[in-house]
Amino acid sequence: MGIKIDALKCTNCMACEMACGYHRDDGFAFLSACIVPYRAREKKDYFGVLLKEEDSLVVARPEGTEINRIGEEADPDKEADASAKPMLLREACDLCEDMKYGPMCVKICPVDAISVAE
Ligand code: SF4
Ligand code: SF4
């Protein structure tokens, strides 16, 4: 079971990052979120989402999702790499196991871009 992200639907509202930070810290602490939306610097309306999992860093882009095993070299030409490095220091997604209503990012995303994959 894990989190699945459809970056084509993402509007970069950042609600998932806030919700995840809340789950971690009982406050809106962006730096503790393990899900982080990003926007491309030079492409208009191009949004992606990074997700730190136990063994991998998931990079969901509009053109598809890439799963990078932690410890392997990332492609230096990829757009998300600048934001990927701080992500590796964060706690991994635990599917909000202690939260009454389940995965917070799934619940809060206004465009259903995040779902739970079996
Ligand atoms: S399921 Fe919970 S821990 Fe995992 S990314 Fe979403 S909000 Fe964060
Ligand atoms: S909550 Fe949904 S729309 Fe908003 S940034 Fe996260 S994935 Fe994108």
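**Close-up views of a predicted model with two ligands**

**View 1. Helix H1 and the residue after it.** Asp 26, which comes directly after H1, has a positive phi, near 55 degrees. Helices (DSSP runs of H or I, at least four residues) and strands (runs of E, at least two) are numbered from the N terminus. The model shown is predicted: local features need pLDDT of at least 70, side-chain atom pairs count only at pLDDT 80 or more, and totals for chains, interfaces and linings use all residues. Residues are numbered from 1 along each chain as its sequence is written, chains are lettered from A and ligands numbered from 1 in the order in which they are written, and side-chain values use heavy atoms, with hydrogens and water left out.

**View 2. The covering of H1.** Eight of the 11 residues of H1 are buried, and the helix is mostly covered. Buried means under 20% relative accessible area, exposed over 50%, and partly exposed in between, with a 1.4 Å probe and protein chains only. Among the buried residues of H1 are Cys 16, Glu 17, Cys 20 and His 23. Their cover includes strand S2 (35–39), helix H3 (104–108) and strand S6 (114–117).

View 3. Of its 13 lining residues, Cys 10, Cys 13, Cys 16, Cys 109 and Ala 113 are the closest to the centre. On a 1 Å grid over the protein atoms alone, a cavity is a set of points where a 1.4 Å probe fits but cannot get out, and lining residues have an atom within 4 Å of a point. Grid points are joined across faces, edges and corners, and a volume is the space filled by probe spheres set on the points. Ligand 2 sits in this largest cavity, in the sense that more than half of its atoms lie within 2 Å of the grid points. Around ligand 2 are 13 residues, the closest being Cys 10, Cys 13, Met 14, Cys 16 and Cys 109; a residue is near a molecule if one of its heavy atoms lies within 4 Å of it. This shell has 11 nonpolar, two polar and no charged residues. Ala, Val, Leu, Ile, Met, Phe, Trp, Tyr, Cys and Pro count as nonpolar, Asp, Glu, Lys and Arg as charged, and the others, Gly among them, as polar.

**View 4. The second largest cavity and ligand 1.** Ligand 1 takes the space of the second largest cavity, whose volume is about 70 Å³. Its lining comprises 13 residues, and nearest its centre lie Cys 20, Cys 34, Cys 93, Cys 96 and Cys 105. Around ligand 1 there are 13 residues, with Cys 20, Cys 93, Asp 94, Cys 96 and Cys 105 coming nearest. H1 (residues 15–25) gives the most to this shell, three residues. By class, the shell of ligand 1 contains 10 nonpolar, one polar and two charged residues.

**View 5. Glu 97 in its loop.** Glu 97 belongs to the loop between helix H2 (81–87) and H3. With a relative accessible area of 66%, Glu 97 is exposed.

Key:
On a 1 Å grid over the protein atoms alone, a cavity is a set of points where a 1.4 Å probe fits but cannot get out, and a pocket is an open set with protein on both sides within 12 Å along at least five of seven lines; lining residues have an atom within 4 Å of a point. Contact means heavy atoms within 4.5 Å.
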